[in-house]
Amino acid sequence: MAVTDTVTGLEVHDVRFPTSEQLDGSDAMNPDPDYSAAYLVLHTSGGPRGYGSCFTIGRGNDVMAAAIRSLAPYVVGRPVPATAGRLAALHRELTQDSQLRWLGPEKGVMHMAAGAVVNAAWDLAARRAGRPVWEFLAALTPEELVALVDFRYLSDALTPDEALAVLRAAEPGRAERAGRLKARGYPAYTTSPGWLGYDDGKLVRLAKEAVADGFGQIKLKVGADLDDDKRRLRLARDAVGPGVRIAVDANQRWDVAEAVRWMTALAPYTPYWIEEPTSPDDVLGHAAVRSGQPVKVATGEHVANRVVFKQLLQAGAVDFVQIDAARVSGVNENLAILLLAAKYGVPVCPHAGGVGLCELVQHLAMFDYVAVSGSWDDRVIEYVDHLHDHFTDPAVVENGRYRAPTAPGFSARMRPASVAAYRFPDGPVWRARSQQREQEVSA
Ligand SMILES: [Mg+2]
């Protein structure tokens, strides 16, 4: 790579898939999602481009795209951020623009937009280095990794020295674990059987398929109707047998007391964890749910930033931390969360699915295994078998395990034909739908 290479453009697309037509992705809070990506491409004066995206579920994807565009001055016309030092500086700049920070701070649309740009920069840097992101990260020294993290607001729970100690403790086993990861892949679980809009027949068929495909854990959506949940859990248990874990996910549907009541009623069906029982901002509420009923508590896919994760851990509110690759400010903030979880000894079970979330987050879990927590015990990455064909390096799950990516980058590049077909509102997939609606209205 020529050292003078610069980023010459930031291109953003509003890409939406009409998944609501099949009720794929439906849960107690999100009955009709159109899985979408605010997708960006970093153009460069030489060498590969960088790719990134932020997942949304339809309306508002244009808002996310506009937020990403507003960050162009931080990357366009500047040197390609190819080193750990430059990636650390870029993350700080993107999250500390005082005027844009006002829109959060460090939460919501603007923060997610910063995360999309940060992740695209990591994709670009890893492509330049000829390595997948998990391996690129795992080749950095403990000192370089610590320098990537913004410790502001964290030092009462995790200091740079403590983070360094976590990373140094994992350092001697890195090569051995990387070899094991390449040979065996990383454990996964599947949510494909469990969408709330699926009928009982489809639930049972997909649950049996999940076991036949080698998964040791599935997940069901709950929280709309207690009797339905009991019936669905019973059907799922009959379908998968006693040896397979069944997690449940309420997608923030309940108040705290209702979560305790509902999960006490579902506990005899031995769900493995209850995910997002209540508001993702409610740290004390999660602690109350955890202590008020017997099922383990998981959350994180909508947790806004490292500060809330810190509090969840300080308060003993969660049994599992569920990072999301595209919710917080990208690789750097997720590294902070991995380090916090490692210090508190809480396993990280990443959230995925959506558009491109499996592709992205697998790299973070694998890096965690190799260089941070050093363990995959009690850890699984979510897998949903949707929309992977739209990526040039799709996530591959075999026998219930994610295969370690080998292609350079963050597995973040979408197929140009998919971007063109599903671009909203002017791609042919959406034009056809609006024409059909116009005909129905005039008929
Ligand atoms: Mg969930």
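The largest pocket here has a volume of about 570 Å³. A pocket, on a 1 Å grid over the protein atoms alone, is an open set of points where a 1.4 Å probe fits, with protein on both sides within 12 Å along at least five of seven lines. Its volume is the space filled by probe spheres set on the points, which are joined across faces, edges and corners.

Lining residues (those with an atom within 4 Å of a point) number 34 in the largest pocket, and Phe 55, Thr 56, Ile 57, His 302 and Arg 327 are the closest to its centre. Two or more residues each come from β3 (50-56), α1 (61-69) and α4 (108-129), with α4 giving the largest share, 3 residues. Domain 1 (7-148) and domain 2 (172-411) each supply at least three lining residues; these bounds come from an automatic or database domain assignment.

This is a predicted model, with local features needing pLDDT of at least 70 and side-chain atom pairs pLDDT 80 or more, while totals for chains, interfaces and linings use all residues. Residues are numbered from 1 along each chain as its sequence is written, and side-chain values use heavy atoms, without hydrogens and water.

Now for the second largest pocket: Thr 190, Ser 192, Glu 209, Asp 213 and Asp 385 lie nearest its centre, among 15 lining residues. Both β4 (186-194) and α9 (200-212) give two or more of them.

| Pocket | Volume | Largest share of lining |
|---|---|---|
| Largest pocket | about 570 Å³ | α4, 3 residues |
| Second largest pocket | about 270 Å³ | α9, 4 residues |
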